[in-house]
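Have your viewer ready and try each task before reading on.

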Amino acid sequence: RQAFTTCLLHGVTGSGKTEIYLRAARRTLEENRSVLVLVPEIALATQLEAHFFSRFGRTVALLHSGLSPGERFDQWTQIMGGQAKIVIGARSAIFAPLHDPGLIIVDEEHDSAYKQEDTLRYQARDMAVLRGNLQGCPVLLGSATPSLTSFHHASTGKYQLLSLTKRIEDRPLPQVTVIDLRALPRETPAPAFFSRDLLNAMEETLAQGDQSI
């Protein structure tokens, strides 16, 4: 039985953080405890639900503001009755009525959407750490770009730092070039915020029939 601890999973994009969530959830279910997964946006909740549903089937419940009152009641009832062992949802899902959570996961823990600004004010990421402490279960905070607060806690030993520095199958990271617009000569007419390198790259991309954003 796992005790309370907070881990910061710092992994580059495509490093397999979701697979770690899934394997940690399976181990928690084997201990006959439940799992709570928080995501910052409804779209991410639906996306992550597909991964969990493919592994765990109908033991997965979804909680977010996009559900109708009837759908929310059904999900809440399944959680209360113990049929749903895994709950995935946006920030308000931190209050899900799980009887014995054995793992709390906060995906994209840096995201400002976890902060509730009106009515009942709270920070769902911090509430996750508090609930983990109160219920004696580990908390896993995942991000490719951790918040300064979480990274400081990991650096000082308050949180345990887990690092994934490479992508799955050692796939290469995208090439990134930083251009200081202040150091570039002014063109006439000057395209605002567009360097010549950027314009050349966009023209080359369009010539190949591809798209730019």
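**Exercise 1: the nonpolar cores**

Task: find which residues have the most contacts inside the largest nonpolar core.

Solution. The largest nonpolar core has 24 residues, and those with the most contacts inside it are Leu 36, Leu 38, Ile 79, Val 87 and Ala 128. Such a core is a set of buried Ala, Val, Leu, Ile, Met, Phe, Trp, Tyr and Cys residues joined through side-chain atoms within 4.5 Å, where buried means under 20% relative accessible area with a 1.4 Å probe, protein chains only. Next, look at the elements: strand 2 (34–38), strand 3 (60–63), strand 5 (101–107), helix 4 (124–135) and strand 8 (139–143) each give two or more residues to this core. Helix 4 gives the most, with three residues. Apart from this core lies another, of 19 residues, including Phe 52 and Leu 140.

This is a predicted model: local features need pLDDT of at least 70 and side-chain atom pairs 80 or more, while totals for chains, interfaces and linings use all residues. Residues are numbered from 1 along each chain as its sequence is written, and side-chain values use heavy atoms, leaving out hydrogens and water.

**Exercise 2: a helix pair**

Task: work out how helix 1 and helix 2 cross.

Solution. Start with the axes, lines fitted to C-alpha atoms over the stretch in contact, with angles from 0 to 180 degrees between N-to-C directions. Those of helix 1 (residues 17–30) and helix 2 (residues 42–56) come within 11 Å and cross at roughly 45°.

Notes. Helices (H or I, at least four residues) and strands (E, at least two) are DSSP runs, numbered from the N terminus. Buried means under 20% relative accessible area, exposed over 50%, partly exposed in between (1.4 Å probe, protein chains only).
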